[in-house]
Amino acid sequence: MVSSSRWLWTLQRIKIMKASDLRRALLLLLLLCGVLMVYFFSQQTSRLNIPHIPGTLDSVDSSAIKTDVRWTWACTKDHCEKAPADTTNRVQSLTTCNMLCGSSLKVWPVPSGPSKIGTQSAAFLIQQIQLETSLKKTFGYIEHSFAAFNNSVASYIQKRDGDLTQVRSDIDNFIVKISVVFAHVVKLRMNTDESYNLTVNLNRGNIVASVQAKTVFGARHGLETLSQLIWWDELDSGGTLKIVTDVIIQDKPVLPYRGIMLDTSRNFISLNAIKRVIDGMAANKLNVFHWHVSDSQSFPLEIPSVPQMHRYGAYQNDMVYAARDVTELVEYARLRGVRIVIEIDTPAHAGNGWTWGAQENLGELAVCVNAQPWFMYCGEPPCGQLNPENPQVYEVLERIYRDIIKMTGEDEIFHIGGDEVNLDCWEQYLFKNLSSTNYTDLHNLWGEFTLKILNRLDRANGGKRPPYTIAWSSNLSRRPYNIKYLDRNSIIIQSWGASDWSETRELIADGYKVILSHVNAWYLDCGFGRWRERGEAACDPYRPWQTVYIHQPWTYDPLYKSHTLGAEACLWSEQLDELSLDARLWPRAAAFAERVWSDPKVDPDMYGIAEDVYTRLTLHRDRMMARGFGVEALWPRWCTQNPGMCL
């Protein structure tokens, strides 16, 4: 216990201190606090901003991307073989062996052009990476892409709690040179040049990586590839970053439209989770995020000029995509080489969110909404279709279209939906209307609805049709209706029927440009059984990544290639929310990405898929996991540790 006399003495000392002494002491204290804050901040940044996904990936074990120190791997006949570490003087990690073994680049997707890779590597420190560029008019695009590259490299480092100053380096500097021909092009279009050339050399003690591209989008792809030439070797000096020291790559996509469709209407998916999807797309060089934002279940998108849509259509108040959030997401995606295309499906798949018309004296905007028994009026509950006889429907759609174009800034591609109209619904609810009885074939009512909404889209887009206006394949896109209602010079058909159906072949024969989403290969939601009591599962069986990968529909007919603008893998969300989103997408969407980026040959005489593909995809899974994605396992870990023995 401190005596009372001691306390009195202390108080007297404080009283006789001069004001200047107090100020000096206070300044010293503030300075000390500042130094401590800088130190703790530097310690955090030295841990390299490892991506963290709240709640979903906390259980991912970082040891899944580490090699057991008891083993070593040696390159034998273009693949790595495992051996006990105590049987050799040279211990090599599995990742280092895989990256340097054989003549193929271990990147994903594989480049489409000629490439060369050496068999030597160099260790380096992340602090040695520096950017060299004279570009000043990319509006921050290159700087952002370079920062993203650094973050990717940082995520590989496994010394979470160690002293990074102990990591060794074989070089003096790691110089990244970037040159872009058309630096002012910072908005992605269908004709944007996404090509790049990449070289990596060890020159006078420096790693020099040079990225040359026509546009910033090509440069971004080049930096992504460069990040994949780098890995963490945990067996060298206790762990160090390494890079291949001799690389030449020429690369460009074979298709301009390389998309992922995500449905966020059946189950709401947060903006942070959507951003993670876009990050994954960027890591795989995919460039279109097709956002199926509404359906008969919900309408969670804020439409500023029609606020009733989300007020009546959202599941709850905190499950709404605000207009400002959409605009921010569009910019987030643009900086990652991805454009956003929002789809409001019509006239079918439109129910909840459209039920407010009668209360505001606009009449019924939608019919069959939540009708029972549901299987009489739609393919899955709840039902709902727009009322083609109500002129107010077209007024509302024009306002929705105008707001979407404003939010996204996307005036080149627009998706109008257009699939799975149930004519029984219209017949049941519209038979009393005299005009509807004039139709002996309600496909013509559907066709006239489509012509009216296309006219409204033109008006919403400043009087001109978006040059790539997309509609789902449907009965309306088949003969004889397609020629009458869907102008093949301005309408692109997204063909989702199975590849062995006649649908795509007939569309191409009729002169339509297509985007391919064949259900038997590129529907990633299939194979999880039925979620309702009545009816069979919609699209069993499950599509493994191998099925996704080997699908090459443009090889069926020479006309396919000239009429195919791109392809899209689809993920509907009846049995999906963001907790299972990563594993449902990856690595299958990565397999899709390589098919649409470089379309590597699939040898019909070879049994299955080449060993190199398995090795590269396994390495890519490790990269994506290091970056924070919850990627589904490819196979037992024994197969990873014993390359070539599980084929």
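A residue is called buried when its relative accessible area is under 20%, exposed when over 50%, and partly exposed in between, computed with a 1.4 Å probe on protein chains only. The model is predicted, so local features need pLDDT of at least 70 and side-chain atom pairs count only at pLDDT 80 or more, whereas totals for chains, interfaces and linings use all residues. Residues are numbered from 1 along each chain as its sequence is written, and side-chain values use heavy atoms, with hydrogens and water left out.

The structure holds 24 aromatic pairs, where rings of Phe, Tyr and Trp (its six-membered ring) pair if their centres lie within 6.5 Å, and planes under 30 degrees apart count as stacked, over 60 as edge-to-face and the rest as tilted. One of them joins Phe-289 and Trp-291, which form a tilted pair because their planes stand at 45°, with ring centres 6.1 Å apart. Phe-289 is buried at 0% relative accessibility, and Trp-291 is buried at 0% as well.

Another tilted pair is made by Tyr-394 and Phe-449, whose centres are 5.6 Å apart and whose planes meet at 50°. This pair links distant parts of the chain, 55 residues apart, with Tyr-394 in helix 9 (residues 391–408) and Phe-449 in helix 11 (residues 443–460); helices here are DSSP runs of H or I with at least four residues, numbered from the N terminus. Tyr-394, at 5% relative accessibility, is buried, as is Phe-449 at 1%.

Finally, Asp-582 lies in helix 17 (residues 581–585) and is buried, with a relative accessible area of 7%. A polar atom of the Asp-582 side chain lies 2.9 Å from the backbone nitrogen of Gly-630.

Key. Helix = DSSP H or I, 4+ residues; strand = E, 2+ residues; numbered from the N terminus. Polar contact = N/O pair within 3.5 Å; in protein donor to acceptor, adjacent residues only side chain to side chain.
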